[in-house]
Amino acid sequence: MGSSSREEIVEVYEGLGAYADRLCKLTFGVLTTPERLSALENLERMTRQLRAPQHELINQLDAQAGDEELGDTLRTALADRLRITKAEAGQRIHEAADLAHRS
């Protein structure tokens, strides 16, 4: 896995955000039951795929950012920043450590 530029990261995040906004504005009344099931299957696959960069980012924060830089512990910083509970933040940290890509 190579190194990405800041410009590439920003570009991909902006594109992903724009497509997510479009997706959220869609209505699905024209789809058949099999098409709805397929759409749900695709959303689940994409949701799982997006966990990989989340794991990498969490593990990098855990390894490289101290409590002072984060403003608190990683668990508290994630909970505050992501607007999730501290329990959920702790679970994400645990999953990231367990499931992240290893070199």
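1. α2 is the main contributor to the lining of the largest pocket. It gives the most, with twelve residues. The model is predicted, and what follows should be read as computed from that model.

2. The elements that give two or more residues to this lining are α1 (6-25) and α2 (33-64). The lining of the largest pocket comprises 26 residues. Nearest its centre lie Val12, Tyr13, Leu50, Pro53 and Gln54.

3. The largest pocket holds about 1000 Å³ of space. Its lining divides into 15 nonpolar, eight polar and three charged residues.

4. Next, the second largest pocket. Its volume is about 420 Å³. There are 14 lining residues. Leu57, Ile58, Leu61, Leu70 and Leu78 lie nearest the centre of the second largest pocket.

5. Which elements each supply at least two residues of the lining of the second largest pocket? They are α2, α3 (67-70) and α4 (74-82). Here, α2 gives the most, with six residues.

6. α1 is among the elements that give two or more residues to the lining of the largest pocket. For the second largest pocket, α3 and α4 each supply at least two lining residues.

Definitions and conventions: Residues numbered from 1 in each chain as written. Predicted model: local features only at pLDDT ≥ 70, side-chain atom pairs only at ≥ 80, totals over all residues. Heavy atoms only, no water. 1 Å grid on protein atoms, 1.4 Å probe; cavity = no way out; pocket = protein on both sides within 12 Å on 5 of 7 lines; lining within 4 Å. Points joined across faces, edges and corners; volume = space filled by probe spheres on them. Helix = DSSP H or I, 4+ residues; strand = E, 2+ residues; numbered from the N terminus. Nonpolar A, V, L, I, M, F, W, Y, C, P; charged D, E, K, R; others polar.
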